Amino acid sequence: MAEALVSKYVQTQLRTLNAALVNGQFVSVRKLLLELPPSDVAHILESSPSRTRDELWELIDSDFHGDILEELSDDVRNGIITKMLPANVVDALEEMDTDDLAETLSSLPEPVLADILDSMDAQDRLRAEQALSYGEETAGFIMNTDTITLRPDVTIDVVLRYIRLKGELPENTDTFYVVNRTDNLVGIIPVARLLTADTDDKVSDVMDEESEAIPVNMPDDEVASLFERYNWLSAPVVDENNRLVGRITIDDVVDIIREDAEHSMMSMAGLDDDEDTFAPVMQSTKRRSVWLAVNLVTALMAAMVSDLFEATLSQMAVLAILNTIVPSMGGVAGNQTLTLVIRGMALGHVNANNSRWLISKEISIGFLNGAIWAVLIASVIALWKQDYMLGVIIAFAMMVNMIAAALAGATLPMIMKRLKIDPALAGSVILTTITDVVGIFAFLGTATLFLI
C-alpha cells in the first residue's frame, strides 16, 4: 500500500513537471525539483524519455547533483555523466560516501572515467582510486570508511567528551570499533553500552573482544546473508592482516538485496538489470539481440533434431500434433528445479557438501513426476487417438524428459557457477535446449522404432 501511494505521488509530480516543461514554466519546474527528495527526483529522471531527462537535469541545482546520482541506475547515471563536463562531475562526486563513489565510477566507460580522474586534484584522485581498488561485488567495494575508532586504554569519559567535541556521528552508527596502534581490530562497543557505562571505566573493560568482522574480499551476497542471519545493523570490515579498513551498514545491504532481486527478475528475460527503460532504440536493440541470437541457435538445434525424423512425421501427422507436449512439460519441470537451485545457491544453502544429495532428490522428484504424468498422458492419448502403443511411446518419452529436466535443472547452476557464468542469465536458455532436444528425440525416436 505504501509503495503504491509513493508511486502515485511520483507519477503526479511527473505529470506536473511535464506540463510545466511543455508550457515553458522553467522556474516552477526548478522549484518543484528543489522541494523533492533526491530519491524521488531520481525516480522521475528514470521515468522520463531522454530529451525530457536532459531538460530536467539542467534545471536541478548543482548542489544536489551528487545526491541524485547516487540514487540513479547505472544506465541512466552514465547517460547523464557522459553529457556533463568532467569538472562538474568532480564537484558532484566530492561529497559522496566511499561505497557510492566506487559504484558510480566503476560503471563508467573507460574514456569518461579517465577524463574525470584527470580533472581531480591529487587528494580526490587518491580517494577515488582507493574506492576502485577493491573488486566489484565484494565487501570492500560496498563499505564506507567513515568509522569512529577508539583506543582500548582510554576511559569512557574521554570518549564521551571526544564525541561531544566532534558534534555528530556517521549515519547508521550503532557500534564503535576498538583498534590498537597498528589499526588492528581488537573489539567493539555498542553505542548503548558506551552511554550507560561508568565514565571511569576504560574502553577495554566494556568492549566485546569476540566480534565478528567481514573480510574485505568477501562476496557481497555472502555479506548480505550474514546480515540477514545475525540481524546486524553494521559490521566492521578488515583486511588480510585484521586491520580495520571500513564498515558496512544495513542500508548498503538492503541495496544489495534489491539489486540481486532485480538482477534475477531481469535475467529471466535475458536483460541487463540496469537497462534504462527509456534508452535509445539502437542501444536497447543491440543489447537484446545478443540473447535473441542465442535463443535462435538453440531453437535451430531443436529443429534439426525434428528434421532427423522428417520421414516419420510425414507418415504419421499425429506425431507432429503431439510433438510439443513432451518438450513443454520437461521445460516447465526443469525450470522449477533450476529456479529452486539458483535460489538455494544465492542464499548459501547449496554447497559441495550437500549438492549430491540435492541432485539425487531432484532426480527422484523427476522420476515420480514423470511416472504420474506419463500414466495420465498415456491414458488421454490412448483414448483420444484409439492407439495404445502411441500412448505408451509418449509416456516413455515423458519419463525420459522429466528425469533429464530434473538432472539438468539441478546441475546446470553448479556447473555454470564453476565456469563463472551467471546461471540466472543463461541457465533457462540452456535448460530449454536440453529439454527440447531430449524430448523431441525420445518421442520421435521411439515412435520411429515402434510405429514406422
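Are Asp 74 and Arg 77 buried or exposed? I looked this up and found that Asp 74 is buried and that Arg 77 is buried as well, where buried stands for under 20% relative accessible area, exposed for over 50%, and partly exposed for what lies in between (1.4 Å probe, protein chains only).

Before going on, I noted that this is a predicted model, in which local features need pLDDT of at least 70 and side-chain atom pairs count only at pLDDT 80 or more, while totals for chains, interfaces and linings use all residues. I also noted that residues are numbered from 1 along each chain as its sequence is written, and that side-chain values use heavy atoms, with hydrogens and water left out.

**Salt bridges**

I took a salt bridge to be a side-chain nitrogen of Lys or Arg within 4 Å of a carboxyl oxygen of Asp or Glu, and by this rule the count is seven. Side chains of opposite charge can pair when their charged atoms come close.

Asp 74 and Arg 77 form one of these salt bridges, with 2.5 Å between the closest N and O atoms. I placed both residues in helix α6 (residues 74–81), where they are three residues apart, about one turn of the helix; helices here are DSSP runs (H or I, at least four residues), strands are runs of E (at least two), and both are numbered from the N terminus.

I then checked Asp 239 and Arg 243, whose salt bridge has its closest N and O atoms 3.4 Å apart. Asp 239 has a relative accessible area of 15% and is therefore buried, whereas Arg 243, at 36%, counts as partly exposed.

The side chains of Lys 361 and Glu 362 also meet in a salt bridge, at 4.0 Å from N to O. Lys 361 is partly exposed, because its relative accessibility is 34%, while Glu 362, at 4%, is buried.

Why is strand β5 (residues 234–238) largely enclosed by the rest of the structure? I found that five of its five residues are buried, which is why the strand counts as largely enclosed. Ser 234, Pro 236 and Val 238 point one way from β5, Ala 235 and Val 237 point the other way, and all are buried.

For pairing I used the rule that DSSP must find at least two bridges between two strands. Strand β4 (residues 214–215) runs parallel to β5 and is joined to it by two bridges, and I noted Val 238 in β5 as the bridge partner of Pro 215. On strand β6 (residues 244–249) I found five bridges to β5, in an antiparallel arrangement, with Leu 244 in β6 as the bridge partner of Val 238.

The strands β5 and β6 form a hairpin with five residues between them, and Asn 242 in the turn has a positive phi of about 65 degrees.

**Positive phi in two other loops**

Most residues other than glycine have a negative phi. I looked up Asn 172, where phi is near 60 degrees, and found this residue in the loop between α12 (156–166) and β2 (175–179); at 37% relative accessibility Asn 172 counts as partly exposed. Lys 420 likewise has a positive phi, near 60 degrees, and is found in the loop between α22 (388–418) and α23 (423–451), but at 77% relative accessibility Lys 420 counts as exposed.

**Helices and the nonpolar patch**

Helix α8 (residues 98–106) is mostly covered, with seven of its nine residues buried, including Asp 99, Asp 100 and Leu 101.

In the model, residues 315–342 are 89% helix and 0% strand, with end C-alpha atoms 43 Å apart, and residues 424–451 are 100% helix and 0% strand, with end C-alpha atoms 40 Å apart.

Lastly, I looked at a nonpolar patch on the surface formed by Ile 321, Ile 372, Trp 373, Leu 376, Val 380 and Trp 384, with about 610 Å² of accessible area together. Patches are made of residues with over 30% relative accessible area and no salt bridge, like charges being joined within 9 Å and nonpolar side chains (Val, Leu, Ile, Met, Phe, Trp, Tyr) within 5 Å; the areas come from the Shrake-Rupley method with a 1.4 Å probe. Helix α21 (residues 355–385) gives the most to this patch, with five residues. Leu 376 lies in that helix and is partly exposed, with a relative accessible area of 43%.
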